[in-house]
Amino acid sequence: KNIKVTENIANCIKITLGPTGKNGIVSNEKQELKFITSGSLLIKSLEFPTNAGNVILKLLEQAAVKTFNISGDGSTTTILIACQLLKSSLRFLVNGYNSIFLSFGLKKIAYFLVER
């Protein structure tokens with residue numbers, strides 16, 4: 001179920017990727033339409049019926065906001081990479097891998113990439 005949530009988030013956000021990204025259209029409670037061009041703004045307007053889906057959504061939103069605050073761009077890329085990492089990690093966990101070792105391995109890879 002969580003894998004499907006991450007796939008849904010990625011599918012919603014990927015339309016805004018890159019310089020030729022398309023606008024997202026969002027409707028609010030008053031049925032007013034908004035055109036959104038940024039992945040970080042689009043993810044803030046999403047909502048899922050389940051609590052687990054909304055938790056994943058908030059985690060991805062925090063990652064996008066942090067990227068946007070540091071660089072001013074790249075929030076859509078951050079969301080898509082995080083969705084893929086979550087999707088891959090959940091598959092490992094379902095197959096019985098230890099979550100602590102998985103977390104340690106991801107941190108090690110992140111430090112290695114930052115140093116390069």
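So, which residues in helix 4 meet helix 5? Leu85, Ser89, Phe92 and Leu93 do, and across from them in helix 5 sit Ser99, Leu102 and Leu106. Contact here means heavy atoms within 4.5 Å, and helices are DSSP runs of H or I, at least four residues, numbered from the N terminus.

Quick housekeeping. This is a predicted model, where local features need pLDDT of at least 70 and side-chain atom pairs pLDDT 80 or more, while totals for chains, interfaces and linings use all residues. Residues are numbered from 1 along each chain as its sequence is written, and side-chain values use heavy atoms, with hydrogens and water left out.

Back to helix 4 and helix 5 (residues 99-115): they pack at about 150°, axes 10 Å apart. Those axes are lines fitted to C-alpha atoms over the stretch in contact, with angles from 0 to 180 degrees between N-to-C directions. The crossing is right-handed, that is, the near helix is turned clockwise from the far one by less than a right angle, anticlockwise being left-handed. By class, that contact has 5 nonpolar, 2 polar and no charged residues. For the classes, Ala, Val, Leu, Ile, Met, Phe, Trp, Tyr, Cys and Pro are nonpolar, Asp, Glu, Lys and Arg charged, and the others, Gly among them, polar.

Next, helix 1 (residues 2-13) against helix 4: the axes come within 9 Å and cross at roughly 160°. They're therefore roughly antiparallel, the label for angles over 145 degrees, with under 35 roughly parallel, 65 to 115 roughly perpendicular and the rest oblique. This crossing is left-handed. Helix 1 brings residues including Ile3, Glu7 and Ile13, and helix 4 brings Leu80, Lys87 and Arg91, among others.

Then helix 3 (residues 51-71) on helix 4 (residues 75-94): within 8 Å, crossing at roughly 140°. That makes helix 3 oblique to helix 4. It's a right-handed crossing. Among the contact residues are Ile56, Leu60 and Ala63 of helix 3, plus Ile79, Ala82 and Leu86 of helix 4. Here we get 8 nonpolar, 3 polar and no charged residues.

Last, aromatics. Rings of Phe, Tyr and Trp (its six-membered ring) pair if centres lie within 6.5 Å; planes under 30 degrees apart are stacked, over 60 edge-to-face, the rest tilted. The count is 1 aromatic pair. Phe92 and Tyr97 have ring centres 4.9 Å apart and planes at 80°, so they're edge-to-face. Phe92 is partly exposed at 37% relative accessibility, and Tyr97 is exposed at 51%. Buried would be under 20% relative accessible area, exposed over 50%, partly exposed in between (1.4 Å probe, protein chains only).

Methods: Helices (H or I, at least four residues) and strands (E, at least two) are DSSP runs, numbered from the N terminus.
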